[in-house]
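Thanks for asking me to look this one over. Below are a few numbered points to read alongside the picture.

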Amino acid sequence: VFERSTSARACIAQEREEGIKRIHGQVSQVNQMFRDLASIVQDQGQHFQSIEGHAETAAINTKQAMQELRKAVDRQKGNRTHICCVFASVVLVTCFVASRYIGTLHPSPEGSFKNLHLQC
């Protein structure tokens, strides 16, 4: 009887030890899972910070681009006005020169009449 009870106790002790080892292994696995999860969360936080930084930089660059576009539009309007004024001036000078030149080629009938009157 004593041998049976000793062997039963040894069997129970061995089962407990195996159960404890199994639970210890499972706890170690859960611990490793939490460590992996913490590492993933930390990496995700760094990625989010990086994305946020890129978004802020993009917003700043977009504002600067809008300012540069406004300046370019203003310059283009100024250049267009300047070109129109130069073109109008050239047309006026050309008309003035042409009218003088045409006036010397074709004298008016009154002018020729005056010349005849003076000769008489």
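1. Let me begin with the cysteines, and with the cut-off that goes with them: a disulfide is a pair of cysteine sulfur atoms within 2.5 Å. By this rule the model, which is a predicted one, has zero disulfides. Take Cys84: the nearest cysteine sulfur belongs to Cys85 and is 7.0 Å away, so with the limit set at 2.5 Å Cys84 is in no disulfide.

2. How exposed are the cysteines Cys84 and Cys95? Cys84 has a relative accessibility of 49% and counts as partly exposed. Cys95, at 48% relative accessibility, is also classed as partly exposed.

3. Next, the charged side chains. How many salt bridges does the model have? The count comes to two. One of them joins Glu17 to Lys21, with 3.4 Å between the closest N and O atoms. Both residues sit in helix α1, which spans residues 2-105, and they are four residues apart, about one turn of the helix.

4. Glu17 is partly exposed, at 44% relative accessibility, whereas Lys21 has a relative accessible area of 55% and is exposed.

5. Glu68 counts as partly exposed at 45% relative accessibility, and Lys71 counts as partly exposed at 44%.

6. Finally, please have a look at the nonpolar side chains on the surface. Which residues form the nonpolar patch there? They are Val30, Phe34, Leu37 and Val41, and together they have about 390 Å² of accessible area. Phe34 is a residue of helix α1. With a relative accessible area of 55%, Phe34 is exposed, and it can belong to the patch because members need over 30% relative accessible area and no salt bridge.

Conventions: Residues are numbered from 1 along each chain as its sequence is written. This is a predicted model: local features need pLDDT of at least 70, side-chain atom pairs count only at pLDDT 80 or more; totals for chains, interfaces and linings use all residues. Side-chain values use heavy atoms; hydrogens and water are left out. A salt bridge is a side-chain nitrogen of Lys or Arg within 4 Å of a carboxyl oxygen of Asp or Glu. Helices (H or I, at least four residues) and strands (E, at least two) are DSSP runs, numbered from the N terminus. Buried means under 20% relative accessible area, exposed over 50%, partly exposed in between (1.4 Å probe, protein chains only). Patches are made of residues with over 30% relative accessible area and no salt bridge: like charges are joined within 9 Å, nonpolar side chains (Val, Leu, Ile, Met, Phe, Trp, Tyr) within 5 Å. Accessible areas come from the Shrake-Rupley method with a 1.4 Å probe; for residues, only the protein chains shown count as cover.
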